[in-house]
Amino acid sequence: MTKVEAVIQNSRLEAVKSALQEIGVEGMTVIEVRGHGRQKGHTEVYRGREYSVDLIPKTKLEVVLADAMVEKAVQAIIEAARTGKIGDGKIFLTRVDEVIRIRNEERGEGAL
Amino acid sequence: MTAASSLIIELRSSIAEESARIEREYAATGDGKAAVAERTRLIDEILRRLWLDLVSADEAGPHGFALVATGGFGRGWLFPYSDIDLLFLYADRGGETGYKDAIRQFSQELWDLKLKLSPASRTLAECDRFDANNTEFTISLLDCRFLAGDRELFVRLHDKLIPKLVMRESKALLQGLAEVTRERHGKFGQTVFHLEPNLKETPGGLRDYNVACWLALISSMGKLGDWPDASLLRPPVRKQMDAALEFLMAARCFLHFRHGRDDNSLSWEAQDEAAARKIGAADAADVSAADWMRIYFRHARAVQRTVMQLLEETPEAWSTLRRQFQGWKSRPSSSDFSVVDGLIFLKQSSSLQDSEMLLRLFHFMAHHGLKLSATTEHHIEQALPALAVTPPRGAELWLYLQETLLQPHAADALRAMHSLRLLTLLLPELKPIDSLVVRDFYHRFTVDEHSILAIESLHRLNQSQSEWDQRYAELLGELEDPELLYLALLLHDTGKGVPGSNHVEGSLEIAGRCLDRLDVEPGERAAVLFLIANHLELSAQLRRDIFNPETVAAFAEKIGTPERLKMLCLLTYADIKAVNPEALTPWKAENVWQLYIGAANYLNRSADQRVHGDASDEKLARLRSLAPVTGAKFKDFVEGFPQRYLLVHSAEEVMQHMTMAEEFGHDPVRVDLKRGRHWYELALVTKDRPSLFATLTGVLAAWGMNIVKANAFSNQGGIVVDTIYFTDRFRTLELNMSEWQRFKQSITGVLAGSADLERMLRDRQRSEKHARVKVVVETRIDFDDESSSTSTLLQVIAQDRPRLLHRISSCLSQHGCNIEIALIDTEGQMAIDTFYLTSGGKKLGAEHQKKVGKALGEELKSLEISQ
């Protein structure tokens with residue numbers, strides 16, 4: 001099983017959610033985050049004061065999937081999240097040893 | 001099998017059978033009181049059987065050792081899965097040693113019977129010792145009840161020790177109980193109106209019921225030194241509390257049976273089932289979950305009111321802070337109301353027959369942050385039926401309402417009005433959201449509480465130390481009509497009480513009716529409806545790229561004016577903050593702020609998009625409808641004004657300007673002056689000419705007026721409309737009505753060339769002392785050639801000083817700049833002036849900008865030195 005973490009632009013969240021749902025991914029976790037890669041921050045001058053944002057607000061999406069689904073999900077995220085500009089984000093994949101459903105203690109891929 | 005084992009088997013079987021029977025009876029009758037009484041009897045019996053078997057075969061023994069029920073069990077309220085509160089009471093410590101093994105086995109058997117104990121072990125002398133860190137133990141003794149063993153020992157505890165202990169320690173007990181209660185209330189946001197309340201712990205729940213009883217009992221015993229004979233609550237309160245207790249008991253039994261454990265959370269699923277089974281409401285017709293929750297909130301409110309009143313009326317129960325301010329709050333502050341110990345009393349109870357008095361009372365409450373006494377609340381309740389026949393309405397009601405909404409403790413006053421059913425009497429539009437539970441995963445409170453909380457969150461901004469809150473607090477301080485924002489917050493979710501999916505449309509319709517009934521004037525009405533219509537807009541934008549200029553531009557254009565943008569930003573802040581305590585994350589607060597400043601800058605830089613007289617838009621349509629006969633005159637007048645002109649002026653104001661322009665034949669300089677809410681408003685309509693803005697601002701400076709805001713616009717035909725908002729620093733106009741005419745004549749005279757502005761300015765300079773600068777503002781002069789296609793934007797940020805605007809605009813004029821548009825604003829001691837400049841009909845060249853920038857810098861420096 002693999003955990004897919006995607007840091008994306010806020011404006012692409014709905015598109016990514018829909019794309020994942022279309023390929024049968026229902027459960028996901030969404031977190032409000034801040035960060036930057038090569039994308040520079042943003043500075044706005046308002047009434048003579050500078051308001052700099054070095055860490056840009058982004059959205060992080062996490063899903064844990066059976067290995068067979070991972071590549072499909074990654075492609076779905078890329079297509080939905082891409083705008084072609086710097087700041088589109090990144091996807092990280094990590095191995096997951098076990099998944100347990102709290103309600104009935106079911107384990108493994110069946111618990112996904 | 002030993003006798004002991006067979007006893008355990010028998011008791012286990014008895015518990016199972018009897019518990020099942022109690023549950024069946026409860027399921028049939030819904031009678032929680034009976035269920036807890038039966039369970040108490042069952043456990044009493046179990047405990048006595050075990051006591052006889054393990055501790056003493058003698059029913060009256062052993063001497064010097066007794067088994068006592070305390071807490072809820074002592075009260076006779078043993079809920080299906082509650083802990084069993086027991087006290088092992090010894091005459092002395094020597095006695096305890098002899099029974100250690102028996103007690104251990106006794107407790108073990110009870111655990112094996114799956115009965116959860118909460119045991120305590122004390123000697124009589126130890127019970128008499130009050131521990132301020134363990135007030136709960138002493139409080140639990142107030143409900144003690146004999147179970148088994150030495151009855152005489154128990155009587156000594158109950159009849160002698162406890163009354164003396166309470167009399168001696170009543171102050172500490174009351175303080176301790178009050179502190180614990182306040183802490184608990186604080187954890188639950190000081191409100192009963194949770195979407196999924198905890199029946200025991202949430203304000204208005206069973207714990208509060210007990211606290212009310214204990215407060216009354218301790219106060220009484222503290223004075224009498226003995227157990228009181230009769231109920232300590234007044235009959236009407238007693239009746240409400242009894243009804244509430246019956247309901248809460250039924251509901252808690254329901255939850256225990258449902259969950260199979262001591263879980264008192266009234267989740268949505270539980271609410272559905274409780275409503276379907278009419279728990280605690282057997283006599284009601286079929287109720288929806290929302291209606292069932294309204295019944296719950298009604299009872300919870302009654303309990304909370306009682307406990308809060310008792311906390312207020314018991315000086316020993318006051319918080320430390322309250323005691324510090326007690327002296328201050330005891331000063332009577334009004335001819336109509338007395339304030340005693342921080343509670344508001346009416347000087348004449350009959351005065352509430354006058355509805356205006358009632359409105360003044362709540363304004364007083366909102367202003368001072370005081371609470372109503374129980375007597376005052378009682379008088380209000382008595383006055384309501386007569387008030388319902390002819391409730392206040394119209395402009396008078398709106399006047400009191402807006403003044404109350406502006407006060408720092410408005411939310412507390414609104415809650416008090418709501419609790420007494422006065423708020424829905426005055427604003428029946430709020431009835432659909434009264435105690436309304438709307439299920440979503442974000443909101444924690446009922447819709448009405450959410451709206452009041454939103455208002456409270458804005459008032460609290462000024463007290464907050466957080467950097468974010470301080471930014472928003474500055475914005476709030478700049479609003480021209482904050483009462484409109486508060487009214488919008490009160491009404492913005494009323495649509496949730498109307499069936500249908502779009503609550504915004506519902507809220508708009510309801511708010512429209514309310515605004516009509518309050519006779520709110522058209523401009524203010526439009527502002528409130530605009531806020532309600534767009535109250536989700538800013539949040540929706542957070543799902544887009546808020547740093548994308550197109551996103552910002554589209555959003556800013558939809559909002560239209562800086563004032564509306566500020567109000568919407570604050571409304572969004574308050575709305576999110578009132579969803580639940582964690583809702584406004586730093587992430588969201590930052591995004592809201594970034595979008596606000598991006599949009600504010602965009603509005604400043606895009607003020608020159610022009611109106612076309614034959615365009616079809618809502619504002620123009622309304623204008624045409626106001627003056628259908630003007631035809632071509634109307635089109636010619638509006639043609640070429642910036643869009644901003646139509647956005648910042650009401651339709652009525654535009655018509656007035658047009659009329660003033662038509663009167664040029666008689667007088668080429670038309671001036672209108674009026675006193676606004678916060679400032680004076682001067683409107684000048686005349687033909688454009690060089691240095692016009694500089695001259696006008698010069699006259700105001702010569703009269704000692706402080707310009708706070710200004711807008712200067714011109715149309716295609718060269719007609720200028722300058723609107724200046726100013727404060728009268730020396731109260732010249734305020735104290736001398738005759739000066740109004742002289743002031744206007746001064747303006748027309750200077751513009752006509754018949755009065756000497758420079759002499760007026762010199763005279764003013766000689767006579768004036770200058771105020772000390774409290775906050776130093778660095779000067780910034782920025783040119784922007786990108787934002788407008790036709791003008792160069794100049795933004796000047798500088799220390800606000802007398803004559804600042806006159807000096808800036810004169811300097812611009814002297815250096816060949818024509819001011820197409822001026823947007824003038826002040827924030828505290830900071831002047832923020834934006835000018836759209838042209839020279840020879842074109843943008844300023846780079847060299848020209850440099851020259852103007854240098855000259856302005858020198859001008860501002862010399863102004864600083866001269867003052």
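Axes here are lines fitted to C-alpha atoms, for helices over the stretch in contact, and angles run from 0 to 180 degrees between N-to-C directions. The structure is a predicted model, in which local features need pLDDT of at least 70 and side-chain atom pairs count only at pLDDT 80 or more, while totals for chains, interfaces and linings use all residues. Residues are numbered from 1 along each chain as its sequence is written, and chains are lettered from A and ligands numbered from 1 in the order in which they are written.

Begin with chain B. Its domain assignment (bounds from an automatic or database assignment) gives domain 1 (3–184), domain 2 (427–605) and domain 3 (653–866). The C-alpha centres of domain 1 of chain B and domain 2 of chain B are 53 Å apart.

Next, select residues 235–259 and 268–276 of chain B, helices α10 and α11 (DSSP runs of H or I, at least four residues, numbered from the N terminus). Their axes lie 11 Å apart at an angle of about 120°. From α10(B), the contact (C-beta atoms, placed from the backbone, within 7 Å) draws on B:Ala251, B:Phe254, B:Leu255 and B:Arg258, and from α11(B) on B:Ala270, B:Glu273 and B:Ala274.

Then move to strands β8 (residues 669–675) and β9 (residues 680–687) of chain B (strands being DSSP runs of E, at least two residues). They pair (at least two DSSP bridges) in the antiparallel sense over seven bridges, and a hairpin of four residues joins β8(B) to β9(B). Centre on B:Leu682 in β9(B), which stands opposite B:Leu673.

How values were computed: Two residues are in contact if their C-beta atoms, placed from the backbone, lie within 7 Å.
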